[in-house]
Amino acid sequence: MQEAVSGGKVTLEDALRLLTLPRFWALVFFVIGTCIYGVYDQQFPVYFSSQFPTLQEGNAMYGYLNSFQVFLEAAGMFCAPWLVNRLGAKNGLIFAGMVMAMRMVASGLVEGPVLISITKLLHAVELPVLLVSAKRGDLNLRWYPRYHLAARAGWMNDPNGLVWFDGWYHAFYQHHPYSTQWGPMHWGHARSKDLVRWEHLPVALAPEGPEDKDGCFSGSAVVDGDTLALIYTGHKFHGDPDDEANLYQVQCLATSRDGVHFTRQGTIVDTPPGLHHFRDPKVWREGERWYMVVGARDGETGQVRVYRSDDLREWQDMGVLAVAEKEMGYMWECPDFFTLNGKRVLMFSPQGLAAEGFKNRNLFQSGYLLGEWQPGQPFVHEGEFVEMDSGHDFYAPQSFPTPDGRRIVIGWLDMWESPLPEQQDGWAGMLSLPRELTLSADNRLQMRPAREVESLRGAWFPWPVSTLNNQQIVQVESCDAMEVILQWDCANSSAEQYGIRLGDGFRLYVDAQMQRLVLERYYPQYGLCGTRSVALNLNDTLSLRLFVDSSSVEVFVNEGEACLSSRIYPDEGARGLAMFAWTGTASLIDAGAWQLE
């Protein structure tokens, strides 16, 4: 109990302080309860046997009862995670305690072998729930998101299979449930009525067949009549996994009628000759046929291949849809292909792009090409590759249509080979907010928070500040789930830097000399330091929406003109939110925050 110890030497003050800790008294009552239960449990066999005509018959029945209790406890360990997922760890402990209290009271009141047996068997209910809740309670939730989707425990990366099916939004994701490190990939699964409040479901796919024995990699989902179909990459090695020549990736199918339990249908597209990296299928329907794009690597050149099918099972190879031009990457992951305002959008995550000035600063990027395409014709793109998000952490976005016709995209809110401090807390990785995609008049892809996000809004707190003059003003003492609205009058601001900060590790500010909006994070204790930025026109008004969660910030600039998303790791007690302006004045048109619930 570190709170009670001020140094290496224990003082009387430390001992007295120990008496003020709720955990100390919880331990005291637990020990007392355990002692009382131990005395009761030792006397129970004698008391139970006395309920029968002979001691021999009583001992035999006690043996049967004990065996049945062990069986029920084992069965309870399978059911308890489901219950605790719905109750939560804290409520699970309360539930187990209530059952224990009821059992203890009943044991002193009931008579007869049947009622006594039922009372004893209640232990098979409380014990599994107690153990699972205690284990779940071991997770440190200091950085666990309040309103973003993350796995309950273990590793998470790419979003997969985003789809609307049978009245629910479904989100699958790359998941290693047994470790906070990347490992053999499973498909985690959650569903939601509103895109922001998610219900966790059992793992949908696990690496268990010959076609995916080393991992169920990324893919997509489509609705085929009354069936939900998952199309994913089976990852496998034929021989030594350290030799890339033994790597084979095939596209597989699994189907479900209820959206929860899936039947594997096996391989539907084999690895093309000469390729090894061939993954992340995205399927859509156009006219009377299904189409699929798959990311691939041919030597040191990334590409996207396209296929066509009538039934999701037999696929025709239609060749290469797009190929990396010079210095455009050795692998194109997670391709997506859709239409906005009559333009075809090829969205993908290239690997191997070199940093160039302010561009391509992350290890890997996610972005898009615009162009024209018709089935059977080549994709002709217009202009250059454009990054979708300019922050530190955004990768592998996937889009899907909503029932009302919007195009929504969700990405992985992390970056490969970047430190993930939450791994020490029993989980790793999270997904971005759902974002609506639109195309601007000048053919730029724009992202705004999906309107469903506004349903999280609670109380509104206006910030009565119109001018900052070489000063800093604290607005929120502890910020962990807020939407911040800021509107800066850049044309009438003279400060060299002005913006907002969270604790000592995060700043978002206008740099007037560089004419850029800068996102800066500084967490040297975790190896996470650096800046990302986007260009600004300082003759215009700057409108910002910041979504702050326990360990993330997503910034939307001027109604979707730009986005910056980054993970943050403030220490406990260092979540104060303050506005500042240095070396001059900064003018505000509007400022305030919504509490998100």
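Which residue in β12 does R305 stand opposite? Let me set out the ground rules before I answer, since what you have above is a predicted model, in which local features need pLDDT of at least 70 and side-chain atom pairs count only at pLDDT 80 or more, while totals for chains, interfaces and linings use all residues. Residues are numbered from 1 along each chain as its sequence is written, and side-chain values use heavy atoms, with hydrogens and water left out.

The residue opposite R305 is V320 in β12. Strand β11, residues 301-309, is joined to β12 by six bridges, and the two run antiparallel. Strands here are DSSP runs (E, at least two residues), numbered from the N terminus, and two of them count as paired if DSSP finds at least two bridges between them. These two belong to an open sheet of four strands, ordered β9-β10-β11-β12, with antiparallel pairing. At its edges stand β9 and β12 (315-323), each with a single partner strand, so one side of each has no neighbour in the sheet. From one strand to the next the twist averages 25°, where axes are lines fitted to C-alpha atoms and angles run from 0 to 180 degrees between N-to-C directions.

A second open sheet, also of four strands, has the order β17-β18-β20-β21 and is antiparallel in its pairing. Its edge strands are β17 (395-401) and β21 (445-449), each of which pairs on one side only, and here the twist averages 35° from one strand to the next. Between β17 and β18 (residues 407-412) there are five bridges in the antiparallel sense, and P401 stands opposite R407 in β18.

In the loop between β18 and β19 (427-428) lies E417, which counts as exposed because its relative accessibility is 75%; the cut-offs are under 20% relative accessible area for buried, over 50% for exposed and partly exposed in between, with a 1.4 Å probe and protein chains only. The C-alpha atoms of E417 and F364 are separated by 9.8 Å, although the two residues are 53 apart along the chain.

Turning to β1 (154-165), 11 of its 12 residues are buried. With β2 (residues 168-176) it pairs antiparallel over seven bridges, F165 having W168 as its bridge partner in β2. The two strands form a hairpin with two residues between them, and D166 in the turn has a positive phi of about 55°. β1 is also joined to β19 by two bridges, this time running parallel, with A428 as the bridge partner of W155.

Finally, the cavities. On a 1 Å grid over the protein atoms alone, a cavity is a set of points where a 1.4 Å probe fits but cannot get out, and lining residues have an atom within 4 Å of a point; grid points are joined across faces, edges and corners, and a volume is the space filled by probe spheres set on the points. Four cavities of 30 Å³ or more are present. The largest has a volume of about 80 Å³, and of its 13 lining residues the closest to the centre are G219, D280, C334, P335 and Q398. The elements giving two or more residues to that lining are β1, β5 (216-224), β9, β13 (331-340) and β17. The second largest cavity, of about 70 Å³, is lined by residues including W198, I410 and P434.

Conventions
1 Å grid on protein atoms, 1.4 Å probe; cavity = no way out; pocket = protein on both sides within 12 Å on 5 of 7 lines; lining within 4 Å.
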